[in-house]
Amino acid sequence: MGSKPATRKRTVSPKRILQTSRSYIESQILLAGASLDVFGLIHGGARTAAAVARRAGADSRAMEMLLDALVAYGFLKKSHAGYANTPESETYLVPTSSLSLVDSLRISERLYSSWAQLADAVRTGHSVRRPMFVAGHEQAFVEGFARGMRAIARLVAPALVRAVDLRDARRLLDVGAGPGTLAVAFLRRYPRLEATLFDYPWTLAVAKTLVAEDGVSSRVSFVGGDFEKDALPSGFDVVLASQILHGIAEPALRSLMSRMRGALVPGGRLLIREFRLDRSRTKPAYGAAFSLNMLLGTDAGRAYTVDEYVAFARDAAFATARPLAVKGLPPEQVVIEARVPR
Ligand SMILES: C[S@@+](CC[C@H](N)C(=O)[O-])C[C@H]1O[C@@H](n2cnc3c(N)ncnc32)[C@H](O)[C@@H]1O
């Protein structure tokens, strides 16, 4: 027997609930536009729906609907001449733009189906998607992911390089470097700096190409391995751990923290870049959401709080650990600096 529905007066608005429950629609419109390279095809001048459809190899009537929806959500403009990019889509959604985010949108597109299984993951406590970084993915997938990470990291690299003075550093180790974007940004700023990128061998194969594109290959070396268990090379002034720690369980994280401590010379420093989460684990909202992303995609990863990262560093015998003030860093990210005593 069902219980009688509770009668409620309409004293609060239902708007936010309805909007949020449908917000995947907006996200899919954007992702489909990028997937069909609508913004790249429109780049350079207004085009009709038929012309875009022809160039995309898509259905003309359906393309017109998609283009109108992209206009409705502000990602395109429409005039008598046809559809044109906005300054925002011209800058971030055209694949040939130096600030293109298209590769990172492809990552979001891939993650989307796992988010549709969130309730299952919460029910079982287990991940629902194949781990991103393990061996056996197609080369195109590994490269696509690395390019997407690079597009995202390039947005924050200038702020980080401005905030962290490495003029006395000679050797930098980037653990779980992926494309090595932050290391590359420091190499460009400091001509006497050298970097070692540590990652799985199949990721490093792609990293080599990307580092060459960035023109700093002569000062980069590559060490393949598993940071959850392998020894790290040593003798570094700086170790970077950028968006890697959220993917692993606390014991593995503590072990990695000690090995990163061991990789540093006296006076050296560890820079952790992570998603910010306060001790309530509810703010910023993206930190709480990212924790669920780790539930969907890893065995034991989660977003750790800033206080936890600081405590892990202190427990691993770093003398000091604190969040750095990085002007221009998005509010949902944090950089924590931990120092080794001299
Ligand atoms: C989210 S990406 C971060 C890449 C880069 N640090 C950045 O901030 O753009 C995580 C990287 O860690 C690497 N990784 C994950 N688990 C690893 C492991 N156990 N050993 C070595 N590398 C690993 C992945 O291959 C990937 O390149």
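Colleague: How many helices and strands are there in the protein?

Modeller: The protein has 14 helices and nine strands. A helix here is a DSSP run of H or I with at least four residues, a strand is a run of E with at least two, and both are numbered from the N terminus. Keep in mind that this is a predicted model: local features need pLDDT of at least 70, side-chain atom pairs count only at pLDDT 80 or more, and totals for chains, interfaces and linings use all residues. Residues are numbered from 1 along each chain as its sequence is written.

Colleague: Which domains does the assignment give?

Modeller: Domain 1 covers 15–94 and domain 2 covers 115–339; such bounds come from an automatic or database domain assignment. Their centres, taken over C-alpha atoms, are 33 Å apart.

Colleague: Why is strand E3 called largely enclosed?

Modeller: Buried means 20 or more other C-beta atoms within 10 Å of the residue's own, exposed means 12 or fewer, and partly exposed is in between, with C-beta atoms placed from the backbone. Five of the five residues of E3 (residues 171–175) are buried, so the strand is largely enclosed by the rest of the structure. Both faces are covered, with Arg171, Leu173 and Val175 on one side and Leu172 and Asp174 on the other. Over the whole protein, buried residues make up 36% of the 342.

Colleague: How do you know that E3 pairs with strand E4?

Modeller: Pairing takes at least two DSSP bridges between two strands. E3 and E4 (residues 194–199) share five bridges and run parallel, and arginine 171 stands opposite glutamate 194. From E3 the chain passes through helix H10 (residues 181–189) to E4 in a right-handed β-α-β crossover, which means that, with the strands pointing away from the viewer, the path from the first strand over the helix to the second runs clockwise. E3 also has four bridges to strand E6 (residues 236–242), again parallel, where leucine 173 partners valine 239.

Colleague: What makes aspartate 37 partly exposed?

Modeller: It has 17 C-beta neighbours inside 10 Å, so aspartate 37 falls in the middle class. It sits in the loop between helix H2 (23–35) and helix H3 (38–42), with phi near 55 degrees, a positive value in a residue other than glycine. Most residues other than glycine have a negative phi, and most peptide bonds are trans.

Colleague: Where is proline 284, and what is the peptide bond from lysine 283 to it?

Modeller: Proline 284 is in the loop between strand E7 (264–275) and helix H13 (285–297), and that bond is cis, with omega near -10 degrees. Arginine 281 is in that loop too, and its phi is positive, near 65 degrees.
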